[in-house]
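Here is a short report for a reader meeting this structure for the first time. Please look over the sequence and the model before reading on.

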Amino acid sequence: MGISISKLKGDLFGGITAGIVALPLALAFGVASGMGAKAGLYGAIFLGFFAALLGGTKTQISGPTGPMTVVMASIVTAVKGDVSSVVMIIMLAGIFQIIFGIIKLGSFIRYIPYPVVSGFMSGIGIIIIILQINPALGSPIKGSPILTIASLGSTLSNINLQALFVFIITLLILYLTPKKIGKIIPTPLLALIIVTPIANILNFDIQKIGNIPQGVPSPIIPSINLHMISIAFTFSLSLAILGAIDSLLTSLVADSITRTKHDPNRELIGQGVGNALAGLFGGIPGAGATMRTVINVKTGGNSRLSGIIHAIFLFIVLIGAGKYASYIPMALLSGILIKVGVDIIDYKFLKLIKFAPKHDVFVMAIVFFLTVLVDLIVAVGVGLVLASILLTYRMAQQMNIDILNPQQDQVISGEIETIGEKCMRIIRIDGPFFFGSMTKVVNLGNELLDTKVVLFDCSKIPFIDSSAVFALEDIFLTLNDKGIKVLIYADNKIIDTIKNLGITNIIPHQHLFNDLQKGVDHAKKHIKECK
């Protein structure tokens, strides 16, 4: 099979375009992480190359992202800037991601509820915006949104007008550049090209990126203080989970625009290898980047070669133009990052918030505030628990229980002649029968003590769990103690579950029926005894 020249051209153009877009973002994320601009560039190169080579999404572009950068900033602060500890945490995060892929956890990411993702992404966007307030005004960046807000008074009283000018000009370029020009030169790169020379020609007294070492980075020996093992483990797991979510959500976006299907577990392995190597060489971790992936596809990228070219392009920039990056103003990068933060916010959900179910809005709001004020992984964990509880409640509400005598049942009334209604009861359970809905059944026992035969009609139960079976067991014990015969009609799957959980110690096998007629015939024998 021959190689398509048009596809090669598409990969080349898509990869270079994605690399051009990635350059200013990598520098900005590196600075925001506390590791420096070079760390952002190293991370983009190593992760971008190996995730493209080994990952499961052919057109995905990987590199430093906003959510991962926010966590990295917390890590750098927690370990007090100890590079070897940071390297160990990043490498361990990469190993976790590889393990996730090997044990096939990637397939479960799609089950994360949308309100959790929405609250999380909007929270990340707000964090990025808040953290960039200080450098935009010429002050040192703070480690958290709360500290930034707390120091806002001091920051506003010491505004560097030159830094503010650079920041405003950057935003104007990012937001007001005509789309035709933006398609030719990405606006973040355009801001670098225009604003950096202006700030240096006018000799502005503002903070700049500083020197970026050129050439191939050297590996760093990872280590961790024994007293920080638990903290390192927690941070590594946070990075791994966040990177997995971030990457696989981007993979879904790539699938939707390329009409392909990614391999989530292979993607996690590729991301893990890339992040582990990025950490080893002093780069910050990252994930699949939605904006860069979309740009890659839209400009011709159609295979993993485009992601590899994107990384090679950044490497060429590193060894050939790294010295020029030292002149880039921090306020310029703040403008780029604030634009990123604004774009991350989930406006789709916010526009529909008046019409969305209240429980979804509640989950989204909780996740949002926990993300901004507490911790990203805590926010996702709490969001998942809340969403699960609310789903359980809604499912439990769908289950109905009817207590009928034979004459009230359309099927059984034709099989059994009219008898005293105290002789038999039919308990029809309709809907999911599990731990969330079993409380509706628990108190039934006392309502059935004045009858002789009870037929549980479980034919309309889609599934049953162990909690529900044990709830039935308690009722059966109560009825058996009173000499009441209990029969169960259900499909084979439900009957097998009941048998496997040992409930047949109370209900004999001959009282379990997958055929209603057989159940009714058996009930007649006991009803005759009742007459």
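This is a predicted model: local features need pLDDT of at least 70, side-chain atom pairs count only at pLDDT 80 or more; totals for chains, interfaces and linings use all residues.

## Nonpolar cores

The largest nonpolar core has 91 residues. Leu27 and Met72 touch the most other members of this core. Helix α1 (residues 5–33) gives the most to it, with 10 residues.

Leu27 has partners beyond its neighbours within four places in sequence. It is in contact with Ala37, Leu41, Ile209, Ile212, Ala325, Ile328 and Leu333. A second, separate core has 27 residues. Among them are Cys458, Leu479, Ile484 and Val486.

## Salt bridges

How many salt bridges does a search of the whole structure find? The search finds 2.

One joins the side chains of Asp343 and Lys339, at 2.8 Å from N to O. Both residues lie in helix α16 (residues 330–344). They are 4 residues apart, about one turn of the helix. Asp343 is partly exposed, and its relative accessible area is 43%.

Asp457 forms a salt bridge with Arg428. Their closest N and O atoms are 3.2 Å apart. This pair links distant parts of the chain, 29 residues apart. Asp457 is in strand β5 (residues 453–460), and Arg428 is in strand β4 (residues 424–430). Are these two residues buried or exposed? Both Asp457 and Arg428 are buried.

Conventions: Residues are numbered from 1 along each chain as its sequence is written. Side-chain values use heavy atoms; hydrogens and water are left out. A salt bridge is a side-chain nitrogen of Lys or Arg within 4 Å of a carboxyl oxygen of Asp or Glu. Helices (H or I, at least four residues) and strands (E, at least two) are DSSP runs, numbered from the N terminus. Buried means under 20% relative accessible area, exposed over 50%, partly exposed in between (1.4 Å probe, protein chains only). A nonpolar core is a set of buried Ala, Val, Leu, Ile, Met, Phe, Trp, Tyr and Cys residues joined through side-chain atoms within 4.5 Å. Contact means heavy atoms within 4.5 Å.
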